Amino acid sequence: MQKITRDVLIDKASALLSDGTVSCVLGWKKGEFDYDVTPAVFTTHDELIKDFVFSDFCGANFSKYLVSKTKNIEGRILVFLKPCDTYSFNQLLTEHRFDREKVYAVGIPCEGMADISKVRAISGEGIASIDTSGDKMLVTTLYDDEPVEIAPCDFLAERCINCKSKKHVAFDELIGEDGDVIDSNRFDEVARLESLTPDERFAFWQNELSRCIRCNACRDACPACTCEKCVFDNPASGIENKSPANEFEEKLFHIIRAYHVAGRCTDCGECSRVCPQNIPLHLLNRKFIKDMNDFYGEYQAGAEVGMRAPLVDYTTEDLEPGEVFDRRDTDA
Amino acid sequence: MQVNEYKPLIVAFCCNWCSYAGADLAGNNRLSYPADVKIIRVPCSCRVNPMFILRAFQRGADGVIICGCHPGDCHYTSGNYYTRRRMAALFSMLDFLGIERERTRLEWVSAAEGAKFAATMNDFVETVTALGENKRLEDLRCKK
Amino acid sequence: MHNTEYLRDEIIRISGANPAKCMRCGKCSATCPAYDEMEYHPHQFVNMVECGDIEPLLNSESLYMCLSCFACIERCPRGVEPAKFVEAVRLTAIRQQGANRLTADNVPPIVDEDTPQQLLVSAFRKYTK
Amino acid sequence: MQRVGVFVCWCGSNIAGTVDVHAVAEALKNEPGVVFSTDYQYMCSQAGQDMIKAAVKEHNLTGIVVCSCSPRMHEATFRKTAAAAGLNPYMVEIANIREQCSWVHKDILTGTEKAIILGKAAVAKVNLNAPLTPGESPVTKRALVIGGGIAGIQTALDIADAGFEVDIVEKKPTIGGKMAQLDKTFPTLDCAACILTPKMVDVAQNEKIRIFSYSEVTDVKGFVGNFDVTIKKNARFVKEDICTGCGACVEKCPMKKIPNEFNLGMDNRTAIYIPFAQAVPKVATIDPNACNMLKKGKCGICAKVCTAGAIDYTQKDEYIEEKYGAIVVATGFNPISMDKFDEFAYSQSKDVITSLEFERLTNAAGPSAGKLLRPSDGKHPHTIVFVQCVGSRCEACAEKGKEYCSKICCMYTAKHAMLTRDKYPDTEVYVFYIDVRTPGKNFDEFYRRAVEEYGVKYIKGMVGKVTPEGDKLKVQASDLLSNKQLHIDADLVVLAAAIEPDKSARPLATMLTASMDTNDFFTEAHPKLRPVESPTAGVFLSGACQGPKDIPETVSQAGAAASKVIGLLAKDKLTGNPCVASSNELMCNGCSSCANVCPYGAITYADKEFRMPDRTTRIRRVAEVNPAVCQGCGACTVACPSGAMDLKGFANLQIMAEVDAICK
């Protein structure tokens, strides 16, 4: 259950619209069901009243939308940013992907967002409505009279259980209290996989990646994947690839995608959130983050605007690729 | 009795200024290494895109080795430092996916190190031969 | 021969310092307040450790003349830390059987009422295994 | 598709001995695009080259593959051949079947097999080659020298001598630098001023040279041949063109207690001042932090006494923009601060001085008019202790000293010691050294003379402690050779302080995108073969900004830098390497990843307008590569996530085609 309510956000948005601070609002719009919330642009108070929602299903990271939504608008756009979104916001500013002057950022607190597949696993199919009671979630399905009660630890998304920061690193205005960077256990799963044998790791990823249907949802939601033209869509890139024909191409796509966002990925977890096949794609990104932290010192993409990512930097004393393995073997 | 002895296919990316010259020196000194090694000349080791490495594996390479100037000696002052970071990250990721880490290597070979070039190639070929065919990052459509 | 090398490596290991870094400037000896009391001076310590010439050091009174003031460590331009070698050799010496430099029985004759407690404690720490 | 001709060279038996050249030529005939394939004994010979030219005409070839020795050997040769045949020289690819095939493989079957594969890779690449034309850029025939010490002066004079215009930017009110502060120069002992000041006058009188004194470089844009530089001329509150340097203002200025930096604070100057008698330009400068008129609006005496009317209290900093073809960095050095060396009591006693202060003390134009007197009481010192390597070769104390050897201290200390004994034979002079390093013409002889003829006491060992006691300095030191600790009652202690690059060098390096080492010395393009060039094209290095140097070395490097500059300015146009990076602006995100890794600062960004499919327009930030600056390493191509950046001659598709051909 979010501490902040829909009404507070609508009031804020309406006030900023009416005093002319912003000309439009990037917000969440309710869909057919309570859980399929989509990002949308609102321009009037009435539209907000009609469609704006804020719930445990508002996980979408709006930062990426600013790249396209700030073009060709008069005035500024209001955007609501959860703490993790602010990192992507800064990273995109570092990469000059949108004009800061065009944006009015309101930081909002976040209690963690729900993972609908986790909810569904408990409630069963046919979810008719979702309500909240205290911090619990009440899920009514078509097949049950009584709503199923689900505790946060059972419905929170993985990325929220391992939330890395409740601190807003960028905003014009903050609603509620700011939090702190959290010492999370987000690298535990990567470390566990590292401790397996190569055969076990290969089997794990073979199983995960073979489910990929190349819907491109991960790429389309990723705030680091904002290329004007993706290499996979570009015949001149040499690796144009629209659908994975075999195991190699499943791997190729995900390795290259993870490599391209390495050092720029803020670990927002959108890739795994949107994956319809529930592939733990964030583990690939976290592997790069963990490695770079280990090899070159702690680095959080987007913590500040203008930082230099590890892969576009160097020191003369860096580890050799071979030493990387030697070190890990001695640690193990 | 095995009729066809397994021969690995090795792609070596060599920077023009040090390692390619080192390979030339190995030739000048007639220091032999297996013909399984095929060299591609690049201006600097930092020109090697991870895409090229994956492409080589896709098309049937069993091992990929990147050679550049020793750290501090880069013709372009800093190119090999970027290579070192990129390859450390990429190789570690390939290992994470369960692909044999011995199939990828980064070595610094100067223009004066013909002997090192030959020794490195001999060693790499031996290592990859011991591993056998690349099965984990192959594209069956590209197989003969 | 074997013992020489072993001793040398042990001293280097215990001290955690590296005698090869020494550039023979002698600033350690120049700065040492106990210089005149010592048979082997700080720079000689470093050199002798490097050469594996540990036996004479083990038997030298110099070990107990070092005040552990660490002026040599502070001023060495190369970070060699000569006092750590003195310390390491001293430890090696007093760790041998019956080689305690100071026992409780030694204390009463040399102590008077002005002797601070702390001095005794640190002396025990330094001269007794 | 190209029309490719393949030419397989036998190289006598060098290739043909281990590779079946006919079989290679035959096999490559079947490759896509190949319309002609042959072999010949010596392709690089005139007959071989003629054969290639003829084939180009006869078969209308658009691309050439030569299977021969290493491209490092004959690529240039065959490119010229192609050009002579009317082809673009960059339509040639070499398959290295000698050094990397016939010479390293023994068996003819394996050799032939590999040669065919290497040939296929070259064919696959040449099919994707495109004609390349090296870019040309004009050269502004004027050089900028940053720093007006002996390095900058010599460089400027040499460039001007060749007939090119040179500007010197010097941040102090006068040129001359450190050398102007020295007394005598080793090993010949001629006076520094006697050899330097005529050069300073030469600079002032040379029509080709302009001096911007009391000025600094604040911005550098552009690239080799075409630098746009902004120079800030600090307000000196004196009209430079009117001031005659008569010194009347200096005489009358009531603010007389300002520490004189030229004498390192050992005496005082006035608020309006001329640093020294032979200053160039000989123009007064008002110190705005000391002048009462500028601070409080009261005084104005200098304006009253100036008959020329040169004083202008309202003068403002002036920014000058100028174009240059080449830039020489000659920012020089400074002794490091002695504040952190408490053991030598530098901050506790006036009689502990640095060697540069000693130079001023013995200089006839110095604070004591050349008499060696103690700064504290003006008495003649009878025992002098020189300490070498203070802060040099100091690995453990990085925050205090420097890891490197400062190179010049051994010699100037020998000079100081010798001169002292020569002039004042009643003084006892000790030099404490770790090693005496005197490699140089007549250097060791000089040092030996100090010992043997002048009786300077050289003691192997360092000084551990200096304690001021009464009017003496108690020096505690070790004599390593006689294994003794020495206690000397000295009257004066002279510290040979390590030298470091001037603080202005680091920000300047950033402006120039010239690289520096961890000690802030400029890095040379190649440590052995290109010692006076920076890796950044068009930026050259002169003097101690590149590493510690004495005067003869500085002057020879200054001359070398000048000759490089002259070589550059003598060209009307610069021809670049056409194998450079270029960005496809339609795909560029403007994310700056490429610029972050570019070692040459060749990438800039511009906001450009793009027409969108929906007929609207959008302004986007996109990368632009300056082909004159880019050296073609390709670091940017891998940093670019969208693949917008590619390298001509080594394009993504070309390299991948080679990979495919090899792995087929």
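This is a predicted model: local features need pLDDT of at least 70, side-chain atom pairs count only at pLDDT 80 or more; totals for chains, interfaces and linings use all residues.
In chain C, 36% of the 129 residues count as buried, where buried stands for 20 or more other C-beta atoms within 10 Å of a residue's own, exposed for 12 or fewer, and partly exposed for anything in between, with C-beta atoms placed from the backbone. Residues are numbered from 1 along each chain as its sequence is written, and chains are lettered from A, with ligands numbered from 1, in the order in which they are written.

Staying with chain C, its pLDDT, the predictor's confidence in each residue from 0 to 100, averages 89, and 98% of the residues score at least 70. For the complex, the predictor gives an ipTM of 0.80 and a pTM of 0.73. Chain C has nine helices and zero strands, where helices (H or I, at least four residues) and strands (E, at least two) are DSSP runs numbered from the N terminus. The C-alpha trace of chain C spans about 45 × 35 × 20 Å along its principal axes.

Let me turn to the interfaces. Two residues are in contact if their C-beta atoms, placed from the backbone, lie within 7 Å, and of the four pairs of chains in contact, chains B and D share the most contacts. There, 36 residues of chain D meet 35 residues of chain B; on the chain D side, H19(D) gives the most, with eight residues, and by class that side has 19 nonpolar, 10 polar and seven charged residues. In these classes, Ala, Val, Leu, Ile, Met, Phe, Trp, Tyr, Cys and Pro count as nonpolar, Asp, Glu, Lys and Arg as charged, and the others, Gly among them, as polar. The contact between chains A and D takes 16 residues from chain A and 20 residues from chain D, and the chain A side divides into three nonpolar, seven polar and six charged. By contrast, no contact joins chain A and chain C, whose closest C-alpha atoms lie 20 Å apart, and chains B and C do not touch either, with their nearest C-alpha atoms 23 Å apart.

Next, the interior. A nonpolar core is a set of buried Ala, Val, Leu, Ile, Met, Phe, Trp, Tyr and Cys residues joined through C-beta atoms within 7 Å, and in the largest, with 232 residues, D:Ile64 and D:Cys67 touch the most other members. Helix H3 of chain B, residues 79–96, gives the most to this core, with 10 residues.

Finally, two individual loop residues. A:Leu311, in the loop between helices H13 and H14 of chain A, is buried because 24 other C-beta atoms lie within 10 Å, and, leaving aside neighbours within four places in sequence, its contacts include B:Arg85, B:Arg86 and B:Ala89. D:Ser515, in the loop between helix H15 and strand S29 of chain D, is partly exposed, with 17 other C-beta atoms within 10 Å, and, not counting residues up to four places away in sequence, D:Ser515 touches B:Thr77, D:Thr523 and D:Pro535.
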